[in-house]
Every structure is written in C-alpha cells, then in structure tokens.
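I open this page to keep a record of what I look up, one topic at a time.

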Amino acid sequence: MTSEQALSISLGLQGPCVIVRLTGDFDYGSAAEVRDRVTQALDLTQPPLLVIDMQAVSVCDSSGLSVLVYLHKAVTALGGRMLLSALNGRCKHLFAITALDRFFDIRPTAELAIAELSENGNPPPFTG
C-alpha cells in the first residue's frame with residue numbers, strides 16, 4: 001500500500017535567486033505544474049539563478065527527472081545557473097542510478113546553494 005502526497009510548490013526570491021521548495025510527490029501528476037510555474041518564474045531574475053530545494057520530496061519519478069532536465073536546459077540557455085539542494089536518501093539513490101548526480105550541480109542545503117549563486121551571480125562591474 002502506498003500513500004500519495006500531493007506536491008506543494010513554494011516559489012520565492014532570495015537575493016538574486018529564484019527559490020523553489022518542493023514538498024511531496026514529484027511525479028507524473030505534478031510534473032507539468034512544476035515545469036509551468038518554474039518556467040514562468042525564470043523571468044524574475046536575469047540571468048536566471050535557480051535553486052530547487054528537494055529536501056521534502058518524498059517521491060521523484062521519471063516525469064520529475066524529465067522536468068528537472070528541461071529546467072536545467074532552459075536556465076542554461078538563458079545564461080543562468082540551476083542548483084539542486086538537499087536530496088534525501090531516496091532521491092539521492094535515484095540520481096545515482098540514473099547518473100544524474102553527475103549532470104546536475106547538487107548542494108547539501110538550500111542555504112549553501114543560495115550563497116553560491118548569490119556570490120557568483122553578481123559579478124563585479126566592468127572597470128576596464
């Protein structure tokens with residue numbers, strides 16, 4: 001018997017970063033909503049700096065992984081960066097067996113990811 005937990009998506013800005021906190025099951029039933037809402041939020045910062053906090057994701061299936069790959073491509077095409085943070089045990093295992101842990105930049109906490117993007121996201125002005 002499995003218990004499904006509807007996905008909740010929290011979006012916000014912290015410094016120059018768009019922060020997405022996912023809670024629940026990131027699967028076929030929620031993937032399209034995540035893709036659409038996060039894609040719209042990419043316009044909030046230029047270039048987009050995106051942190052997806054996966055600490056409270058209970059399940060991630062191939063649909064969720066597909067959305068993450070899509071978002072990574074969208075962010076990099078716009079000259080930005082995307083970091084994932086706080087993968088739990090189940091998600092860590094999934095990323096390892098699919099080799100996506102080598103494709104994505106993953107940080108242990110959202111705070112570290114935000115700090116890294118905030119530091120690197122605002123280069124000093126050109127004084128040349």
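**Helix α1 and its surroundings.** I first looked up what lies against helix α1, and found that its buried residues pack against β1 (8-14), β2 (17-26), β3 (49-60) and α2 (62-77); contact here means heavy atoms within 4.5 Å. The model is a predicted one, in which local features need pLDDT of at least 70 and side-chain atom pairs count only at pLDDT 80 or more, while totals for chains, interfaces and linings use all residues. I number residues from 1 along each chain as its sequence is written, and side-chain values use heavy atoms, with hydrogens and water left out. Helices (H or I, at least four residues) and strands (E, at least two) are DSSP runs, numbered from the N terminus.

Which residues of α1 are buried? I noted Ser30, Ala31, Val34, Val38 and Ala41, where buried means under 20% relative accessible area, exposed over 50%, and partly exposed in between (1.4 Å probe, protein chains only). Seen down the axis of α1, these buried residues fall within an arc of 115 degrees, so they line one face of the helix; the arc is that of the directions from the helix axis to the C-beta atoms. An α-helix has 3.6 residues a turn, so residues three or four places apart point the same way. On the other side of α1, I found Tyr28 and Gln40 exposed.

**Cysteines.** How many disulfides does the structure hold? I counted zero, a disulfide being a pair of cysteine sulfur atoms within 2.5 Å. The sulfur of Cys60 has its closest cysteine sulfur in Cys91, at 5.2 Å, which is too far for a bond.

**The core.** I then looked up the largest nonpolar core, which has 30 residues, with Leu22, Phe26, Ile52 and Met54 making the most contacts inside it. Such a core is a set of buried Ala, Val, Leu, Ile, Met, Phe, Trp, Tyr and Cys residues joined through side-chain atoms within 4.5 Å. The elements that give two or more residues to this core are β2, α1, β3, α2, β4 (81-85) and α3 (89-97), and the largest share, six residues, comes from α2. A second, separate core of eight residues includes Cys17, Leu49, Val51 and Ile114.

Leaving aside neighbours within four places in sequence, I listed the contacts of Met54, among them Leu22, Cys60, Leu68, Ser85, Cys91 and Phe95. Ser85 is in strand β4 and is buried, with a relative accessible area of 0%. Not counting residues up to four places away in sequence, Ser85 touches residues including Val51, Ile52, Met54, Arg107 and Ala113.

**Helix α3.** Which residues of α3 are buried? I found Cys91, Leu94 and Phe95, and, seen down the axis of α3, they fall within an arc of 95 degrees, so they line one face of the helix. What covers them includes β3, α2, β4 and β5 (105-107), whereas the face turned away from the buried side carries the exposed residues Gly89, Lys92, His93 and Ile97. At the start of α3, a side-chain oxygen of Asn88 reaches to within 3.2 Å of the backbone nitrogen of Arg90. Just after α3, Ala99 takes a positive phi of about 65 degrees.

Methods
A polar contact is a pair of N or O atoms within 3.5 Å; within protein, one must be able to donate a hydrogen and the other to accept it, and residues adjacent in sequence count only if both atoms are side-chain atoms.
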